[in-house]
Amino acid sequence: MSLERFRERVRLYREAGVALESLSLGCSVKIDLYNVLYPALALLRDEVKRLNLVIAPREDAAIMPGAGAETRRLFLNADNPHIDPEELEKLAPDVAVVLVQLYMAKAASSDRFAEYAAKLYKALGSSRHRVWLGKAHSIVSTKPGAEFYMVDLFKIERGPGYLLANNDTIQVIDPMEDFDSPLQVAVAVNNALNDLYVKGAYKDVHIAPVYDAPEPYHSRVERRMLEYASSLGKLIKAPQPQRGYLLLGATAHAHLDREPPMYYDKIDENFYIIVTRPFGELAYFTVYVAVHTDEGLYKEFEKRVMPVDEFEKEKRRVLELMATPNVEVARVIYDHLPDLGERFDPERHIAATIDVSGPGVFVFKEVAERANVDVELFDIPLLNPGLSLFAAENYIMPDATAGTNGAVALFLHKRLVDDVLSRLEKIPHLKPMVVGRVLGRGEGRLVVPTLQYISSKKLREKLESPQRVLGGLGKTVEKPGRARVYVAGEVQGVGFRPTVRAKAKALGLNGYAKNLPDGRVEVVLEGDSERIRRLVEELCKGFNCRIEEVTWEPYTGQFNDFEIM
Amino acid sequence: MKRLDLRGYVCPYPQLATLKELRNSPPGTIIEVITDNPPSCENVPSVARREGHEVMAVEEVGKGVWRIVIRRR
């Protein structure tokens, strides 16, 4: 009987010092992005201006120009994070990827969370060496002692293309699995890789795992983790949190020798949305645990959805699906990206991609906001719509469309749809389909066919309004500006313009870089003034050149890309 | 007044436990829920209201601890 198996699990977890009811499965998998994290980061904007720190626009992964990287992992105290500025200058990292595990009371509201984030920013931004904060992943913990900041520092090797880096870490996926279950480990590592794959990056993959477990299980989890990570990429051995709690994940990086799919400004009413497979994975695990803790709910579930024995089998199949690496999807995306420096062609190239992760249908709104378009979904393709509906109606999940990574959404021109669909259809575990279209320029509105899977009133309101869920973190330009810069020195024929373009793209800036007959390079940048200022300051980094002249001009909005001329 | 101490529990257990308690109590019963899970301060009252119960108070009683008072309809 499933109830006995469940009770045995609860015992196992309790013996390991973990209360099953306190594990982040449902609404608190991560620090609440829309109500806490994004507003907190918006509060910190002025703080960041005073620091030697660049915050990249929110993307699935940190994206930096470069061919490879050396990495170094540090652990900082969550209450008093500190990095010796001299050490930071010596290490001279280009980008930091952060994993935060914070006690839940500290993530209660955006201003409380901002206090802690500000401390981390200060630790990273107080040396003379400038650091880019590429991506941060945060987890809420119910255990006060389990807190930490983990900082993976990347020193980028110069070279053509982009380096993409990401951390994704979870506490548990399916509590019915063992701590060192191969499936669960595979899901966790694939979670981290999916954010790279979704941008078409699958070459030269490096994986630095993250794992933690109560003492008697630690070495088994470690063995499984190292084994699995080395089967998918080059393993980087790095220090671990060692808090005796549960964690499974990785910081992964890969190289992309094409232009990343970040052509938000090219998206218009001729674009459609493909999803590679149905999503809503989280409903399986959250509902499973919920029905086993409430007899009434259990009976109701069997009556309305399916027998629990059958549900267990289906849950297992979903876990296997989530554990399947998405590298073939990455190849299809890669094959539809411009070569380095090549101009975007809507009939050949995918404009934008996003991983359908924790926010579920909200990810479509995130892209709509970044692209300043309105989007309509005709369908919300869920793995089991009846199950998600049950989760919503019984208040088990605030948003029962939540995924965990793995399903990928592509924004592409209507002439490209058939070609990409037929490529995706050949991949065995997928079920690709067109789920929506772009209505045209707009305010980032998302029209959905139904709201029945979202039980939270607050989330419902957010979904349909033009209100920005991304806060100031999208490509939203806070203070639009334009700068014209003349750079002199060794700047022609040394890869200077591609480097500027790659950095501009990573910061969401448009414009051009042009060789002048007198040997100089003219760079025009448009977008957020603060980001332009930061980029101008480091234009010559790594080159033997100097900035001769910077002129600030009125913003025109004439560009929708960064081009080399 | 019944007291439901749900400290240490994260979503969805606080709202599920609250609803269960309300369902099993006679009309008019007042239930006090104690939680240290921030999203529950929004979820528990919102779920209770949607089921027709009256939310009488939501207040922070200590650092990171909240008290939610609900009257069964």
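Is A:Cys545 buried or exposed? A:Cys545 is buried, at a relative accessible area of 16%. Buried means under 20% relative accessible area, exposed over 50%, and partly exposed in between (1.4 Å probe, protein chains only).

This is a predicted model, in which local features need pLDDT of at least 70, side-chain atom pairs count only at pLDDT 80 or more, and totals for chains, interfaces and linings use all residues. Residues are numbered from 1 along each chain as its sequence is written, chains are lettered from A and ligands numbered from 1 in the order in which they are written, and side-chain values use heavy atoms, leaving out hydrogens and water.

**View 1. A disulfide joins A:Cys540 to A:Cys545.** A disulfide is a covalent bond between the sulfur atoms of two cysteines. Here it is taken as a pair of cysteine sulfur atoms within 2.5 Å. The S to S distance for A:Cys540 and A:Cys545 is 2.1 Å. A search of the whole structure finds one disulfide over all chains. The torsion about its S-S bond is about -120°, so the disulfide is left-handed. A:Cys540 counts as buried, because its relative accessibility is 14%.

View 2. The score is pLDDT, the predictor's confidence in each residue, from 0 to 100. Chain A has a mean pLDDT of 89, and 95% of its residues reach 70 or more. Helices (H or I, at least four residues) and strands (E, at least two) are DSSP runs, numbered from the N terminus.

**View 3. Helix H2 of chain B covers residues 38–50.** The expected span of a helix is 1.5 Å times one less than its number of residues. Buried residues of H2(B) include B:Pro38, B:Cys41, B:Val44 and B:Val47. B:Cys41 has 17% relative accessibility, so it counts as buried. The cover over the buried residues of H2(B) includes helix H1 (13–23) and strand S3 (54–62) of chain B. Just after H2(B), B:Gly52 takes a positive phi of about 90°.

**View 4. A:Val500 lies in helix H16 of chain A.** A:Val500 counts as buried, at 2% relative accessibility. Contact means heavy atoms within 4.5 Å. Leaving out residues up to four places away in sequence, A:Val500 touches A:Val523, A:Leu539 and A:Phe562. A:Phe301 is 199 residues from A:Val500 along the chain, and their C-alpha atoms are separated by 56 Å.

**View 5. A:Lys143 sits in the loop between strand S5 (131–141) and strand S6 (148–157) of chain A.** A:Lys143 is partly exposed, with a relative accessible area of 30%. Leaving out residues up to four places away in sequence, A:Lys143 touches A:Tyr103, A:Arg243, A:Gly244 and A:Tyr245. A:Asp174 is 31 residues from A:Lys143 along the chain, with 20 Å between their C-alpha atoms.
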